Amino acid sequence: MANTKFTGRSDSYIFEDAGGKRDQLEQAILNELQAKQYPLKATIQTLKGGKGLMGAVFAAKEQCVVVDVDSEAKIAISNTTVGTYLYVEVYLMIQEKIFSAMAFDAAIGNVFKEQKRNAYYVAAKEATESAFGKLGLKLANSGYKSTQRSVSNEG
């Protein structure tokens, strides 16, 4: 497999006394996306992260709510329990593509793709935050927002 680089952004949340609400949160997020009639196709998927030892055999796997944006971008809403706390992260991950700076049409196309991806991200984040309220989750932090995160599948 060729080396691939991803960029994106994320927002993180931590909730007190919510460690047992992992599955309920996933369903509440799906319900909120459907109730708000956003044109987002969301499913619960198990995503594999990294290669792990000995290739993909021991790679970390995480169940997430996933929104497919386009062929190069996904939104993943993951949550995990740490003691009695629930940690939630909303990620927008975009596969970087290299294109010629001379190709104006490609550059304009990327601007429109970015606009669509940002709109999908904001909609998914809003539905997630609405689900927090429906479940009565008590925020333990004010939320962390990354400006940009880059990851690569290079060894």
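## Terms and model

Helices, with at least four residues, and strands, with at least two, are DSSP runs numbered from the N terminus. The structure described here is a predicted model.

Most residues other than glycine have a negative phi.

Asp17 has a phi near 50 degrees, a positive value in a residue other than glycine. The residue is found in the loop that runs between strand 1 (5–16) and helix 1 (22–35). With a relative accessible area of 57%, Asp17 is exposed, because the term applies over 50%.

Gln37 likewise is a residue other than glycine with a positive phi, in this case near 55 degrees. Its place is the loop between helix 1 and strand 2 (42–49). The relative accessibility of Gln37 is 70%, so this residue also counts as exposed.

## The largest nonpolar core

The largest nonpolar core contains 28 residues. Within this core, the residues with the most contacts are Phe15, Leu25, Ile75, Ile77 and Val88. At least two core residues come from each of strand 1, helix 1, strand 3 (60–70), strand 4 (73–82), strand 5 (85–95) and helix 2 (104–135). Helix 2 gives the most, supplying seven residues.

## Contacts of Val88

Val88 is among the core residues with the most contacts inside the core. Leaving aside residues up to four places away in sequence, Val88 touches Asp11, Ser12, Tyr13, Phe15, Leu25, Ile77, Ser78, Asn79, Thr128 and Phe132. These partners include Phe15, Leu25 and Ile77, which are also listed among the core residues with the most contacts.

How values were computed:
Residues numbered from 1 in each chain as written. Predicted model: local features only at pLDDT ≥ 70, side-chain atom pairs only at ≥ 80, totals over all residues. Heavy atoms only, no water. Buried < 20%, exposed > 50% of the residue type's maximum accessible area, 1.4 Å probe, protein only. Core = buried A, V, L, I, M, F, W, Y, C linked by side-chain atoms within 4.5 Å. Contact = heavy atoms within 4.5 Å.
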